[in-house]
Amino acid sequence: MSNTTAPVPTSAPAATGGKRNSEPFKSPILHEVGLPMDPDNLYLQTVDVMLTAAEMIGVPHNIQLILAQPKNEIMVHFPVRMDDGSFQLFKGYRVQHNNAMGPYKGGIRYHPHVHLDDVKSLALLMTMKTALTRLPFGGGKGGVKCDPRRLSRGELERVTRRFCAAISHAIGPDYDIPAPDVGTNAQVMAWFADTYESLTDSNRSSWDAMRVVTGKPVEIGGSLGREKATGQGVVDVLVEMLPELGIKVDGMKFSLIGYGNVGSWTGRILAKLGAKMVAVMDHTGAIRNDGGIDTEALAAHVAQTGGVAGFDKNAPATGTGNGKAAGATAISTEEFYKTPVDVLIPAALEQMIKAQEASWIAAKVVAEGANAPSTPAGDRILSERGIEIIPAILANAGGVTVSYFEWVQNKACTSWSEEQVDRELNRIMVAAAHRTNKARREFKCDMRTAAYIAALQQITKVYEVRGIFP
Ligand code: NAD
């Protein structure tokens, strides 16, 4: 591998072996790599959690240094012709955090607030996720600063094709494999794959070039079960971990932030297992019904209108989503967080749960469907209040796991049944949950630190056997 940081002496294992560092941002590595000490910075927050766990298990200093910064940060600007004939310049990113364990892997986000430090954080989280699940991938992430809701279908396609062209030299089916994330979907992946395939040497292996992205439509090599995979993985982890925390899935109450891909699938699958969705909030508003919100009817409403707002007024119950749709009440953000539930599942954007929101939350468990949904201050308050956090690198690893299955199916020119996908996904999620629990018992730490420890144990072993080039 070509991360060329000079080896330096191994740092001593932390003597405490206990809780997560209550004083954040203390690792000398943060200063060594020169990260700005802005406590609101998402990258600083993410890398700090990783370094705290690394210190607890004595990850060698040189490996900590390598992991503290991404290997490559690619930033591009590209013009796109809009429907009215004008040109707009877009900014895109692809961050390749680490590829010691395999090709870079991670989603592409379209959102107006996409920012380099956020993409770096998400890429680091991907490295941790693939290591925790023991998938043969590294971590990457990308994004385009745009509002996909304000683009026409034609504009969205042209943005996607130009972005793909702009980064095509830096990605590849065995080098860096993007996937969907917030604001992108299977259709966007189809345009992306088609563009990449058109730009590569199509005489030799044109179809194989489509492996450059996962999350594709099934017609062009997508996997059955990929669309619901992240939600299914959240549920697999909850089913495995909640009994130990004294909660039965059948009959439990839950709430969701976000009713997009991850949120709606998590809600719908949990409802099938007998759990009751009592509150949902998204970018359009929040709703509550203590008798249970019909998860299928809400998904249909969101598909039609773009958000949960208005569901209180006009939604007929489908009878399939384990709740009575009619009668949900529009509530404020504060009321949403204060709604008593067994499990709150953030499945929207990063850093939504700040100190204030954390003090409002009335849940026993927060299961992170979204990446980094809380700030360090929010996280600390949840911990102090005794609320268990099932961390994102475990809870939402189902997406990258089924992306891996898609990549394997494409390589083998075969397709698996949905039952096979679900069965294999469950096996990997349960194994990752067990690794986390084992590290938690061994190091007597919180679940987030334990998941990072279980991931870092794997990365450290890989670096030990591979060595560092030259
Ligand atoms: P999505 O675009 O399908 O849905 C995003 C949801 O967030 C929408 O319901 C939207 O209304 C909501 N939202 C946006 N701004 C909000 C706000 N200010 N307040 C409340 N809600 C708001 O995205 P997704 O794919 O479901 O991703 C959600 C999260 O899950 C992200 O953190 C993403 O990185 C993570 N994730 C996604 C996948 C995947 O396979 N899609 C895999 C792993 C992790």
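The model is predicted; local features require pLDDT of at least 70, side-chain atom pairs count only at pLDDT 80 or more, and totals for chains, interfaces and linings use all residues. Residues are numbered from 1 along each chain as its sequence is written, and side-chain values use heavy atoms, with hydrogens and water left out.

The chain contains 18 helices and twelve strands. These are DSSP runs numbered from the N terminus (helices: H or I, at least four residues; strands: E, at least two). The radius of gyration is 22 Å, close to the 23 Å of the globule rule for 470 residues, so the chain is as compact as a globular protein of that length. The radius is taken over C-alpha atoms, and the rule is 2.2 Å times the number of residues to the power 0.38. The C-alpha trace spans about 65 × 60 × 40 Å along its principal axes. Of the 470 residues, 58% are buried (under 20% relative accessible area, 1.4 Å probe, protein chains only). Contacts are heavy atoms within 4.5 Å. Among those between residues at least 6 apart in sequence, 70% join residues at least 24 apart.

For a polar backbone atom of Gly260, the distance to a ligand oxygen is 3.1 Å. Asn371 places a polar side-chain atom 2.9 Å from an oxygen atom of the ligand. The protein covers 85% of the 830 Å² of accessible area that the ligand has on its own (Shrake-Rupley method, 1.4 Å probe).

Glu406 lies in helix H16, residues 398-412. Glu406 is buried, at 0% relative accessible area. Its side chain reaches the backbone nitrogen of Gly215 at 2.7 Å. Beyond residues up to four places away in sequence, Glu406 touches Val213, Thr214, Gly215, Lys216, Gly221, Gly222, Ser223 and Arg226.

Ala367 belongs to strand S11, residues 363-367. Ala367 is also buried, with a relative accessible area of 1%. Leaving aside neighbours within four places in sequence, its contacts are Leu238, Val343, Leu344, Ile345, Pro346 and Ile390.

Methods:
Polar contact = N/O pair within 3.5 Å; in protein donor to acceptor, adjacent residues only side chain to side chain. Buried < 20%, exposed > 50% of the residue type's maximum accessible area, 1.4 Å probe, protein only.
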